[in-house]
Amino acid sequence: MAVQQRLESLDALRGLDLFFLVGLEGVLHPLSRAVEAPWFKSFMWNFTHVEWEGFSPWDLVMPLFLFMAGVSIPFALGRSKGAADNTPVYRRIGRRFVLLWLFGMMCQGNLLGLDPSHLYLYSNTLQTIAVGYVIAALLFLHTSWKTQTGIALALLLAYWAALEGISVDGFGGGDYTPDGNLAEWVDRTVLGRFRDGATVDASGAVVFAPWYRYTWLLSSGNFGVTVLSGCLAGQLLRHPSVPPVRKAVLLLLIGAALVAAGWLWHLELPVIKKLWTSSMVLVSSGYCFLLMGLSYYWIDCRRHRKGLGWLKVYGMNSITAYMLASCVSFSSVSRSLLYGFEQYTGSFYPVLIAAANSLLLFGLLYVLYRNKLFLKV
């Protein structure tokens, strides 16, 4: 079978990820509060981030987004690999980095607030994709997959070594608590007032929000590894001499091995998504390989595509979907149109509004999809 330049399975998997993020999760939480059933609250663990150590299905949403950005790299940049002049592709990579960074600041960095006192620099999934994409794209263009694998392992080990071996101002030295890890110190020291949640008190001192525990700067290398893991999967999927079913089997085997290695490493290095620890990278990338393998086998190998077209509405405009959900208040429209139902729906009124928000977003994405209008960066 000829190698497809656009994987149907990738669009579908990306669409599923975005559907959970911008379509379903926002409905389930108010539904859980309205139902007030113990079994439903237990089920909602699947849609809730783990507070610190451990990993829930909802913790996979962000790594999967990064992983799929990596899968697309060999298909998007494959013709540029080994080119005599890479200036055009460097410009393309640089433009993508800048746009994703600005979009991230719009979504979560409060750029649209027009208030410098609440401007945050590095705080969003799109920015992790920007950083990871640059690392993975440059390595793809200039190194072999074996070298990429070696560099990925080196980055994972280097991050672990830093968290274990560096101690400064009471942070680090193998401390993996929210208040004592090295990555926390780096973000506080370098980003300072521009760290998400940080404010400045009357005396001019920076006050860090006690509820904010995500780290970004020291974790950036591991963001690159997550995207690079997707890039390695993409290179396998693009390989012309490997039969399609064998590709699916290899993806599944690699995924299982990574998951096992990650949880084994967890015995020494905790799986902590907010720190993006190296063990978490292995665990999450392993799950991503498994999902990619299943999706590829079912959709591209077995060609079971009936009933999955709606996922492409999300998947082919994923950045648009993410930005609209983050920046636009669809509830203003929903409440304006459906306010009369509040007296009849009671505690289920927030569920109705959330469902209407999801439908409005999907409708807008569907119009863009039907008119072949896609945001590309």
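Predicted model: local features only at pLDDT ≥ 70, side-chain atom pairs only at ≥ 80, totals over all residues.
L163 belongs to helix α6, which covers residues 145-165.

The relative accessible area of L163 is 1%, so the residue counts as buried, the cut-off for that class being under 20%. N181 lies 18 residues from L163 in sequence, and the C-alpha atoms of the two are 6.9 Å apart in space.

## V168 in strand β1

Strand β1 consists of residues 167-168 and includes V168. With a relative accessible area of 22%, V168 is partly exposed. Apart from neighbours within four places in sequence, V168 has contacts with L182 and W185.

## Helix α3

Helix α3 runs over residues 61-77 and has 17 residues. From its first C-alpha to its last it reaches 25 Å, close to the 24 Å expected at 1.5 Å a residue. Of the 17 residues of α3, 15 are buried, so the helix is largely enclosed by the rest of the structure.

## Helix α10

Helix α10 spans residues 278-301. It is made up of 24 residues, and the distance from its first C-alpha to its last is 32 Å, close to the 34 Å expected at 1.5 Å a residue. The helix is mostly covered, with 17 of its 24 residues buried. R303 follows α10 and has a positive phi, near 60°.

## Packing of α8 and α10

Helix α8, residues 220-238, packs with α10: their axes come within 10 Å and cross at roughly 25°. Because angles under 35 degrees count as roughly parallel, α8 is roughly parallel to α10. The crossing of the two helices is right-handed.

On the α8 side, the residues that meet α10 are N222, V225, T226, S229, A233 and L237. Their counterparts in α10 are S278, V281, S285, F289, M292 and Y296. By residue class, this contact holds 7 nonpolar and 5 polar residues, with no charged ones.

Key:
Residues numbered from 1 in each chain as written. Heavy atoms only, no water. Axes fitted to C-alpha atoms, helices over the stretch in contact; angles between N-to-C directions. Helix = DSSP H or I, 4+ residues; strand = E, 2+ residues; numbered from the N terminus. Parallel < 35°, antiparallel > 145°, perpendicular 65-115°, else oblique. Left-handed = near helix turned anticlockwise from the far one by under 90°. Contact = heavy atoms within 4.5 Å. Nonpolar A, V, L, I, M, F, W, Y, C, P; charged D, E, K, R; others polar. Buried < 20%, exposed > 50% of the residue type's maximum accessible area, 1.4 Å probe, protein only. Expected span 1.5 Å × (residues − 1).
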